[in-house]
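Here are a few friendly notes to read alongside the model.

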Amino acid sequence: MNSLGTVAPRKILSALFVAACALSVALALVPLAFIMFFVVSQGIQSLNLDFFLHDPRPVGEPGGGMRNAIVGTLMLTGLAAAIAVPIGVVSGIYLSEYRGTRFASAVRFAADTLNGVPSIVIGVFAYGVAVLPFKHFSMLAGGLALGIMMIPLIARTTEELLLLVPNALREGALALGATRAKAVMTVLVPAALPGIITGVVLALARVAGETAPLLFTSFGNPFFSTSLTQPVSSITVQVFSYAISPYEDWHRQAWAGALVLVSIVLICSVAARMATARVARIRGGQ
Amino acid sequence: MRSRDLGFRLSIGAFAAALLLIVTAIGFELARQSWLSIQRFGFDFWRTSTWDPVAGEFGALPFIWGTLYSSILALAIATPVALGIAVFVSELCPPVLRAPLIFLTELLAAIPSIVYGLWGIFVLVPFVRLLETWTPESMRALPLFSGPPLGVGMLAAGLVLAVMVVPFTSSVAREVLKTVPMTQREAAYALGATRFEAIRAAMFYARTGIIGAIMLGFGRALGETMAVTMVIGNNPQVSLSLFAPQYTMSAVVANEFTEATDALYLSALVEIGLVLFIITLLVNGLSRGLIWTMARQVPSKVAA
């Protein structure tokens, strides 16, 4: 590498490296394009109004939809949010307000740990605490499992967004004689609120796509149900059971369900991106 | 500290304590539910391969094998690609492309596992089957490629997992590369380094964090359930073959949990969940430790 004669091979190597990096981007985008193409092209064929307005029909009878599963997913995620938003947001406030403390580090570690726990394991846990004692699959158990998954996501985003609020705002509030609670509730949280809501929406989108924790908590239900104590269907579990079934018609419905799921994720991420971009613009304009 | 502030701290601290409580409760509950199986089989549970619920014999070796094999395979495929993306996005690409590329790779992470599984069953598996039938006879003699071309099996699982792991590894690696001081690269360039050599120096500087990023991807792959369940073939066997249908820990829990009719069967499945919990805890803890160490040794901005 130290004589002039070796300059060219080094440059070639460097160019090859750059090409390899560009190639790996292409390699990752190919499956993305393939998945999107198949989900949209297969899903769109079976996605019609009936899909949203009808419950599943028995095998062999064409038509039918996933109304029960769509309502089920909405209720399950709503339940999850009801559990996770208070705990997640308040924990996030603690993490940012008392960030240097030992307890905060422990909580942060617990949040990251929980975030890494496989969703199926959370399902087993929810089964143990919310299904086994009642000997009954239920929407509550499913909502609990999803809620547990959401808590660390919300806590960490809340913490990050509160840390972004300029310190002058906090100092201003405290200087005016506000208590810590008052400063947090009336100044800091409102300032970070758009971002926190974005974080909650993203967390909702993420758990709406979860299957594994629902398999043995909310279980599934071929009928329409809104009861908290009864098993309930969800889009993901329905897609799973349709996908592994031998029926052509159910496969089509599974693709339609997948299209709905991907649309939810896509809409939420784009909306979140636009919201954060807006916040950044407003901040920048200050 | 004013007493009102102390009250505030204690009350919001109670919410934060819920997080600690949940993690502890998960470990405790899983241990409690699997106690029956732990007592009955002890360490043999992880050394034997007979999985016969009817006879009440449970050996989980094939599941551990399948989980490790599929995750390592996924890592082997995903790591070079993920690092390539991280380098391209943070070091090489024109600034205009940066945000869209980050968005697209993050989209890959946001697609639900079940959608990957559906795509796996109907698109990837037929494709893998085609690949397998094309494999020349001479290669089929190797243990790595033995067995009939079914399509479902270790190769399909490794490929799906690889696609799912790439965005995690690449986004952390990107953050880690961002923490490498610009002076590192400038010094390399000043010494006459090519682009590759400068980036290699930066990556060497960031090696701790990059290993952390790879391990984080490993943690994801270990616990991934639905997509793998749908394409791996669900056959408990210890086989080296990429073509063989196998089984993973998460897949057996997903498939058999609701069918577990007696207490011992259920307990054995929960024990698999417990071990999965412990393994992911260790892997994630270690990877976060590495990323954190990396972030701390860098004087500038903190990542991860």
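1. The crossing of α3(A) and α8(A) is right-handed, where right-handed means that the near helix is turned clockwise from the far one by less than a right angle, and left-handed that it is turned anticlockwise. The model is a predicted one, in which local features need pLDDT of at least 70, side-chain atom pairs count only at pLDDT 80 or more, and totals for chains, interfaces and linings use all residues. Residues are numbered from 1 along each chain as its sequence is written, with chains lettered from A and ligands numbered from 1 in the order in which they are written.

2. Helix α3 (residues 67-97) and helix α8 (residues 180-208), both of chain A, pack at an angle of about 140°, and their axes are 10 Å apart. By class, the contact has 11 nonpolar, two polar and one charged residue (Ala, Val, Leu, Ile, Met, Phe, Trp, Tyr, Cys and Pro are nonpolar; Asp, Glu, Lys and Arg charged; the others, Gly among them, polar).

3. Now for a pair that spans the two chains. Helix α9 (residues 235-243) of chain A packs against helix α5 (residues 113-134) of chain B at about 15°, with axes 10 Å apart, and the two are therefore roughly parallel. Their crossing is left-handed. Thr236(A), Val239(A), Phe240(A) and Ala243(A) meet Ile114(B), Gly117(B), Leu118(B) and Ile121(B) here.

4. Which helix gives the largest share of the side of chain B that touches chain A? Overall, 65 residues of chain B are in contact with 70 residues of chain A. The largest share of the chain B side, 17 residues, comes from helix α1 (residues 3-33) of chain B. That side has 43 nonpolar, 15 polar and seven charged residues.

5. Lastly, chain B itself. Chain B has 13 helices and two strands (DSSP runs numbered from the N terminus: H or I of at least four residues for helices, E of at least two for strands). Of its 304 residues, 51% are buried, that is, with 20 or more other C-beta atoms within 10 Å of their own.

Key
Axes are lines fitted to C-alpha atoms, for helices over the stretch in contact, and angles run from 0 to 180 degrees between N-to-C directions. Angles under 35 degrees count as roughly parallel, over 145 as roughly antiparallel, 65 to 115 as roughly perpendicular and the rest as oblique. Two residues are in contact if their C-beta atoms, placed from the backbone, lie within 7 Å. A residue is buried if 20 or more other C-beta atoms lie within 10 Å of its own, exposed if 12 or fewer, and partly exposed in between; C-beta atoms are placed from the backbone.
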